[in-house]
Amino acid sequence: MTMKDLSTYAKNTWCPGCGNFAILNSIKTVLAMLNEEGFPLERIVLVSGIGCHAKIVDYINVNSFYAIHGRVVPVATGVKLANPDLKVIGFAGDGDAYGEGLEHLIFAAKRNIDITMIIHNNRVYGLTTGQYTPTSPLGFRGRSTPKGTIELPLNPLELMLASGATFIARGYSHGIELLKRIFKEAITHKGFSFIDVLQVCVTFFNMYEYYNKKVYELEDDDFQNYDGALRKIREWDYNSDAPIALGTFYKKEIPTFEERFLEYETREADRNLKIKEILERAI
Amino acid sequence: MDNFSVLIGGKAGDGIDKAGLIIARILNQLGYRLYIYRDYPSIIRGGHTFSIIRASKNKITTHLNKVDFLLALNQDSVDFHKDRLKDNTSIVYNSDIVKFERLPAGNQSLGLPLGKIIKEENALPVMYNSCIIGGFCKAIGLEWNILERVFKKNIPKEIDLNLRVALRGYNEAREFVKVETLLNKRLPVLTGNEAIALGLIKGGLKAYIAYPMTPSSSILHFLAESADDFSLKVIHPESEIAVILMALGFSYAGERVAVGTSGGGFCLMTEGLSLAGMAELPIVIVVGQRPGPSTGVPTHTAQSDLHFVLNAGQGEFPRFLVSPGDAEEAYFWSCVALNTSWKYQIPSIILADKSLCEGVYSFDIDSIGEMEEENPILWDKKESYKRYLNTETGVSPLSFVPDKEAIIKVDSYAHDEFGITTEEAQEIKSMQDKRLRKSQYLMKELEKYDTVKIYGNKNSSVALICWGSNKGVCVEAAENLGLKVIHPVVLSPFPIKEFQDSLSGVQNLICVENNSTAQLASLINRYGFRVNEKILKYDGRPFSLDELEERLKDLVK
Amino acid sequence: MSKYRCIVCGYIYDPQIGDPDNGINPGTAFEDLPDSWVCPECGVGKDMFENL
């Protein structure tokens, strides 16, 4: 399985230099790797929302569900619960996942459903031409806030940690090797995996130079405990000047939602007989 | 006495619901056909709640205002229902709190000191109703062993105590009138919601996802209880938006799924509905109507969401909409709805109302007849798989993940045959034509069903037209007054030809609906048909038989 | 001749393969690519490439 096999005929319409290319190429590399290691590609399902990020499913030649804005998580959850043998990977933008669809993200973490959520966090609504999002910094001048926003951004990693996510990582679109490593780790993690990717939007919010100065990689095996992870996660609040850690912040294995959910026997009973029994009881 | 009604009333928390069901099941042992109208407020304790249990030799699916027996657990149950009493109505009442002086003079009555009995037996207040049921059974000359049998089958907790308390009531009462045993075969007695749930199960349901909302919640409860029996995946997620989107995930993965809600919850599902339409994902949505707008009257009934449900979701896409009229239709058409949504890859909506959902019915499965198994068209693996292959019928052959030879892409955007997003004009048009074309083939297939049913006097020039749960009251009123009834069960795609045929000989068409704007009347307007008169009721209550007959007599003078 | 990698999307320019779809023959060194040449994957210019 080559990278070319994983591409569809769809013409790529991302801006030249878009941070989405890094995510696209990283995930394709990881899918090819998984396939080589024996994981059949037909058991992969990609889900995307609406936004520049979401076009990713048009570009990858793999099963996919191009959903609606803010609703990647419930679709991915439904697919996984219908068939837990599938590997479900969701792609959402920050406006999509942290705004419109925030309730679902929190519940996915709360349930520890075994899906991977990759957030293309460019901190702007790109496809609708430049409005602020839940992670835009205070004072961000966008088309709906020309005088600058008057609210502080969310720290999505902190929110995910508090909601019970069992794998939390952050990547950067200009750090492809780290992205590949985190993607592979997240996809193979048993439980809810959350990755915030600082994805540069060259057209509406080009943070490339700023991020290059601030990002650094976390050391391996650090912060496997909650308090340590929380401290590291709070180092940067998506607003002030601070070092920006990249890598895996937190990882834990506990029973997944589907594990507990599907505990009863699933052999197909004779439905007609059972219906008859229920009707008998109702006489 | 082969046609009579019993009203049992009390406060919320008195177990009136369960009591009504037990009375129905007791009368069921005597061979009666049952129907229960349940009336309860949106509270957990206090207020006033009552059930009217109607028993008849023949099938009935409506209630009468006037009752023959009144079982009053408290004073409200007498005061609020004075208008329902006939001269010969018998009253069994809780003599500890209902004042004899405040009973209507002239009705025979029997007072039972429920509070005193409960105290003496060391029982709980919720068992007042067991005691009064005991008294009622004696009053109708019922043999004790019948009550005992029904109690044992229907009361899981504290059965001995309940029986002891019932026996006290039975012994302290006296017979008023002997209710005859009939020769009918005994039928199951269940709610409309249970019939819908069983119909979905019959249709191969694998998963049910819902957020609690009156009057559809009991489908969720019933299926959650039955999950192990049928290997069902039953999920209650964070919101109705999560409900519909999770269901579409299930549908994508090939599992038959249904969701249930009421008007407000359906509002939240409409974007998902449109997604189902564009992505051609099979889904069944049960909508149990209640009065709106907005929160409205949560525990009462209405038929005011027809046009909302028919037109919801942006864009144009076909949908299958059925509105069953009783428990047998609820079972049959829920099964058909599920099969249809998978065969045509369109959303199916089962539009019910509180009356049907929570009404209790005698259910005759044998009267339904054969129910065919329907399978969706699957990919023949000949050419490379296209999820949205443009075919003559508009229906694309299905394959499901994981399929080694197919890549299965669904898309909320306008897309090409492979499921890749497109903005090409020609592609957009041809795919829209494809989706709409499915409707035509579905209409053709529906000809094998009775999508529009006719009852009563088929030769009458006066016809009632009604939908959903109003079938019962209209049919019985029409039979009494020599009129015709036209009851369309499928409302989308609208069965124009069958409806046209049903109007033959009709000169005065009267619609009977539980809304304020005559929504069925305006639906048939679309196809060139007009009603002559409208009988509308929109106070949250269903028509009772006597009420409808009064209004009809005034109209058809 | 060394390979160069696009730091935006990870595309690797291999001089032995060139970029035939865009008119660059095999055997063309990165330094010899025209200034107008862009990454065939993501469209950025030569300045966004690093020497591997």
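In the predicted model, 12 residues of chain A are in contact with 10 residues of chain C. The size of an interface is often given as the accessible area lost when the parts come together. Between chain A and chain C, the buried area is about 850 Å². Carbon and sulfur atoms give 52% of that area.

One salt bridge is counted between chain A and chain C. Its partners are the side chains of Glu177(A) and Arg5(C), at 3.1 Å from N to O. Polar contacts were also examined across the interface of chain A and chain C, and three residue pairs qualify, both residues of each at pLDDT 80 or more. On the chain A side, two helices, α1 (20-36) and α7 (176-188), each supply at least two of the residues that touch chain C. Helix α1(A) gives the most, with three residues. By residue class, the side of chain A that touches chain C holds seven nonpolar, four polar and one charged.

Leaving aside residues up to four places away in sequence, Tyr226(A) touches Leu161(A), Ala162(A) and Tyr250(A). Phe249(A) is 23 residues from Tyr226(A) in sequence. In space, the C-alpha atoms of Tyr226(A) and Phe249(A) are 9.2 Å apart.

Conventions:
Residues numbered from 1 in each chain as written. Chains lettered and ligands numbered in written order. Predicted model: local features only at pLDDT ≥ 70, side-chain atom pairs only at ≥ 80, totals over all residues. Heavy atoms only, no water. Contact = heavy atoms within 4.5 Å. Buried area = accessible area lost by both parts, 1.4 Å probe. Salt bridge = Lys/Arg side-chain N within 4 Å of Asp/Glu carboxyl O. Polar contact = N/O pair within 3.5 Å; in protein donor to acceptor, adjacent residues only side chain to side chain. Helix = DSSP H or I, 4+ residues; strand = E, 2+ residues; numbered from the N terminus. Nonpolar A, V, L, I, M, F, W, Y, C, P; charged D, E, K, R; others polar.
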